[in-house]
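Biologist: Could you walk me through this model, one question at a time? I would like the cut-offs along the way.

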Amino acid sequence: MRVKSDKVAVIGAGPMGLAIAYELILKGYKPEIFEADNRLGGMAASFNFDGLEIERYYHFHCLNDYAFFDLLDEIGLKKELKWKKTQMGFFYQKNLYKWGSLNSVLFFNKVSISTRIRYLLHALRCLTIKDWSKLDKISATEWLKKWLGIKGYHILWEKLFEYKFYNFSSKISAAWIWSRIKRLGKSRRKLVENLGYLNNGSLELINKLEKIIKKNGGIIHLSNPVLCINPLKNGGAIIKSVNKKENYDSVITTIPIPLVTKIFKASGLDDSIIESYEKTISIACACVILKTSKKVTDNFWTNINDSRFSIPGIVEMSNLRELNSHIIYVPFYMPEEHPNYLKSNEDLIKEAWDCIKAINPYLEDKDLISSCCNRYRYAQPVISTEYKKTLPPKEPFKRLYTVDTTFYYPEDRGISESIGFGRDLVRQYFE
Ligand SMILES: Cc1cc2nc3c(=O)[nH]c(=O)nc-3n(C[C@H](O)[C@H](O)[C@H](O)COP(=O)(O)OP(=O)(O)OC[C@H]3O[C@@H](n4cnc5c(N)ncnc54)[C@H](O)[C@@H]3O)c2cc1C
């Protein structure tokens, strides 16, 4: 039987790794965290953008992010969570339309009235589905075409898939898109979308978790990527990182599975194990952030269907969070091998700014105050049909756990999901 003096290593200090370490602390362990980056937070990490500490990638919370609320409550941060009524838009054929509300959909005359009604019925249906097993077997694009017809799908959804998943678009599971639509659909009060944010963004949560972990004997190694993991016969593994080599009784990795594959290869593990890890594919994200002197729109989120730009949508963070400047995120998702990923940050910033000016022709070049582009190689897993069958084992070796955001399929990657999943893992496997 394991005792609390067991040495536990957690690899990756995104929301999942930190939540796991926190839960281990609650159980009396003193976990040791290895993080490759020079900061905590993973996809939810922040940086200094022209004097403003903000997330490298846009983040919002929904009214049903229960695991997130529970954690905030426990660590005394619930009061920092704010809510705002938000609006959506749709940029199509050089026009900006309102989108997302009952009226905006009903008045969108670029598709037939029957498509509009079917769009709303589909959104409603997403809220009532409980058993998603049938959706698991069909593709999202097939499902949406069935509901909206080819033309409706073409106008309302095609570009969103094309500019997120490219050649993988037709593989995405209907269960995955259902869970995304449901999450946002349920984040409404009296039919109006309400989204949440932490006063100082995700940094607030990350800093607090860091404090609790360190105060209770946890150790955090930054800029210390794990290079090899060699399982031990009686459980746990030898971890070799950039500046440490040590045995641990239990190891939990939370880093994207494609990176585990690389580490397992470098560790000389058997091909039969590595094979099951190689099936996981992930899309990269190059996310441009712009600071402007004027608003672009009144929307938090604007979907885009415009073949001049390979951009599925823009996120106007300053229409959600109280920030002292106008901040817009423009994500470019693409497979790493796509030629667009080789484009320089300057080229992507230019395309993003051109797109913003197309959406709001009143903006001029002098309105662009500052810009930058952050990249995350494993930002969006390609969630195909019957995805659970493609997942590698959660515990491939005794007390060596390999998990990441794909393990909570059909839910999309999310802070709340990573927190909830990570804490449950500890509750299940650690005394
Ligand atoms: C563009 C974008 C927008 C998003 N928007 C939202 C949103 O609005 N709301 C929401 O809830 N979620 C959103 N998310 C998702 C959310 O950020 C993730 O679900 C969450 O951060 C995942 O946390 P994680 O800990 O599971 O994984 P990650 O954040 O990926 O953390 C993994 C960590 O492992 C580290 N690592 C990698 N290799 C090694 C190694 N060899 N050794 C040690 N460490 C290593 C990485 O540096 C990283 O810190 C968004 C993500 C992106 C990219």
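Modeller: Happy to! Two residues are in contact if their C-beta atoms, placed from the backbone, lie within 7 Å. Residues are numbered from 1 along each chain as its sequence is written. The model is predicted: local features need pLDDT of at least 70 and side-chain atom pairs count only at pLDDT 80 or more, while totals for chains, interfaces and linings use all residues.

Biologist: Thanks! Leaving aside its neighbours within four places in sequence, which residues is Lys 84 in contact with?

Modeller: Lys 84 sits in strand S5 (residues 81–85); helices (H or I, at least four residues) and strands (E, at least two) are DSSP runs, numbered from the N terminus. Leaving aside neighbours within four places in sequence, the contacts of Lys 84 are Asn 194, Leu 195 and Leu 320.

Biologist: Is Lys 84 buried, partly exposed or exposed?

Modeller: A residue is buried if 20 or more other C-beta atoms, placed from the backbone, lie within 10 Å of its own, exposed if 12 or fewer, and partly exposed in between. Lys 84 has 15 C-beta neighbours inside 10 Å, so it counts as partly exposed.

Biologist: And Leu 102, buried or exposed?

Modeller: Leu 102 belongs to helix H3 (residues 102–106). Beyond its neighbours within four places in sequence, it is in contact with Leu 120 and Leu 191. Because it has 11 C-beta neighbours inside 10 Å, Leu 102 counts as exposed.

Biologist: How far apart in space are Leu 102 and Arg 427?

Modeller: Along the sequence, Leu 102 and Arg 427 are 325 residues apart. From C-alpha to C-alpha, the separation in space is 42 Å.

Biologist: How far apart are the C-alpha centres of domain 1 and domain 2?

Modeller: The chain is divided into domain 1 (8–59 + 201–280 + 385–429), domain 2 (100–183) and domain 3 (283–381), with bounds from an automatic or database domain assignment. Seven residues of domain 1 are in contact with 11 residues of domain 2. The C-alpha centres of domain 1 and domain 2 are separated by 33 Å.

Biologist: Which residues come nearest to the ligand?

Modeller: A residue is near a molecule if its C-beta atom, placed from the backbone, lies within 6 Å of it. The shell draws at least three residues from each of domain 1 and domain 3. Of the 36 residues around the ligand, those that come nearest are Gly 12, Gly 14, Met 16, Gly 42 and Met 43.

Biologist: How many residues of that shell are charged?

Modeller: Asp, Glu, Lys and Arg count as charged, Ala, Val, Leu, Ile, Met, Phe, Trp, Tyr, Cys and Pro as nonpolar, and the others, Gly among them, as polar. The shell has 22 nonpolar and 10 polar residues, and the number of charged residues is four.

Biologist: In the hairpin of S3 and S4, which residue takes a positive phi?

Modeller: Strands pair if DSSP finds at least two bridges between them. S3 (residues 46–49) and S4 (residues 52–55) pair in the antiparallel sense over four bridges, and Phe 49 stands opposite Leu 52 in S4. Two residues lie between the strands, and the one with a positive phi near 50° is Asp 50.
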